[in-house]
Amino acid sequence: LNAVFGVFPYRLSRAIWWAVSLVVLLYSLRLWERLASHQHSLPRETAFAAAAFTLLIALRWLVRDLDDCGQQLLLLGILTAAGAAVLYRRPLLAGALLGLGATYKLTPILFLPLLAYKRRWKEAAWMLVFVLGLNVLLPALWLGFPLTWQANGLFIAKCRQVGQAVRADPSANGVEDPKHTNKSLRLALARYLQTYPPGHPLFIPHPADVRPDGTVPAQARPHPLF
């Protein structure tokens, strides 16, 4: 799915998807307002204030995601539309959107056991159909079944590798060096509960120990907030 981002030249692609992510964000906010009014008959002013307050709280995450062309905002729009489809009793559309979301980012697969727990069997069944269709059937039509099987095997092997890395160091993600800009709740907790030595990617030195040229000595103290 991310190959779609690479169809156009780099800067043009970033501009297009950045604009698309803003449109998706506005669509999500509008849909939240409709859902809130549908469920609780909230006045529009109250719904708007709640949305504005939510944006204010999430501003750091929004800025971080817009630096990445809004990939998480695209997922947010998909899942918002899926939630509306579940609420309005459209199981096929809900399953298709949730299957697309779980294909784009793995975490939405958690909606599958949630739907089963809520006894939304039609939505759960359609979601499973679309997950299998998008990850097995559709690639097999293009790549052939043996290569699709091999590709999914590599994906599972990568997931195991990531799991081993996380068990060894909760601040790691198994893909790249840990960063402070990663807003994952698990990684944020790990950063506050673990101690990192100087030289570690997550080590933040005490401001008084930073040299004028920006380098950090090996005996630097950690930042007091960490």
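Leucine 185 lies in helix H9. The structure described here is a predicted model, and leucine 185 is exposed in this model, with a relative accessible area of 63%. Helix H9 covers residues 185-193. Its residues Leu187, Ala188, Ala190 and Arg191 are buried. Viewed down the axis of H9, these buried residues fall within an arc of 160°, so they line one face of the helix. On the other side of H9, the exposed residues are Leu185, Tyr192 and Leu193. Leu185, Tyr192 and Leu193 also belong to a nonpolar patch on the surface, which they form with Leu189, Leu225 and Phe226. Together, the members of this patch have about 740 Å² of accessible area. The confidence attached to this helix should be noted: among the elements of the protein, H9 has the lowest mean pLDDT, at 76. The highest value, 95, belongs to helix H5, which spans residues 91-104.

For the protein as a whole, the mean pLDDT is 86, and 98% of the residues reach 70 or more. The protein contains 9 helices and 0 strands, and its pattern along the sequence reads α-α-α-α-α-α-α-α-α. Taken along the principal axes, the C-alpha atoms fill a box of roughly 60 × 55 × 40 Å. Of the 226 residues in the protein, 28% are buried. The protein exposes about 15,300 Å², of which 68% is supplied by carbon and sulfur atoms. Among contacts with a separation of 6 or more, 46% are between residues 24 or more positions apart.

Serine 13 is located in helix H1, which runs over residues 10-40. When neighbours within four places in sequence are left aside, serine 13 is in contact with Phe5, Gly6 and Phe8.

Charged side chains were examined next. Side chains of opposite charge can pair when their charged atoms come close. The count of salt bridges comes to 3. One of them joins arginine 30 and glutamate 33, whose closest N and O atoms are 3.3 Å apart. These two residues are 3 residues apart in helix H1, which means that about one helical turn separates them. Arginine 30 is partly exposed, at 41% relative accessibility, whereas glutamate 33 is buried, with a relative accessible area of 14%.

Another salt bridge is formed by glutamate 123 and arginine 120, with a separation of 3.4 Å between the closest N and O atoms. Glutamate 123 counts as buried, at 5% relative accessibility.

A further salt bridge pairs arginine 221 with aspartate 209, and here the closest N and O atoms are 3.0 Å apart. This pair links distant parts of the chain, with arginine 221 and aspartate 209 lying 12 residues apart in the segment after H9. Arginine 221 has a relative accessible area of 43% and is therefore partly exposed, while aspartate 209, at 18%, is buried.

How values were computed:
Residues numbered from 1 in each chain as written. Predicted model: local features only at pLDDT ≥ 70, side-chain atom pairs only at ≥ 80, totals over all residues. Heavy atoms only, no water. Buried < 20%, exposed > 50% of the residue type's maximum accessible area, 1.4 Å probe, protein only. Helix = DSSP H or I, 4+ residues; strand = E, 2+ residues; numbered from the N terminus. Arc of directions from axis to C-beta. Patch = residues over 30% accessible without salt bridge, like charges linked within 9 Å, V, L, I, M, F, W, Y side chains within 5 Å. Areas by Shrake-Rupley, 256 points an atom, 1.4 Å probe, with all protein chains shown as cover. Salt bridge = Lys/Arg side-chain N within 4 Å of Asp/Glu carboxyl O. Contact = heavy atoms within 4.5 Å. pLDDT = per-residue confidence, 0-100.
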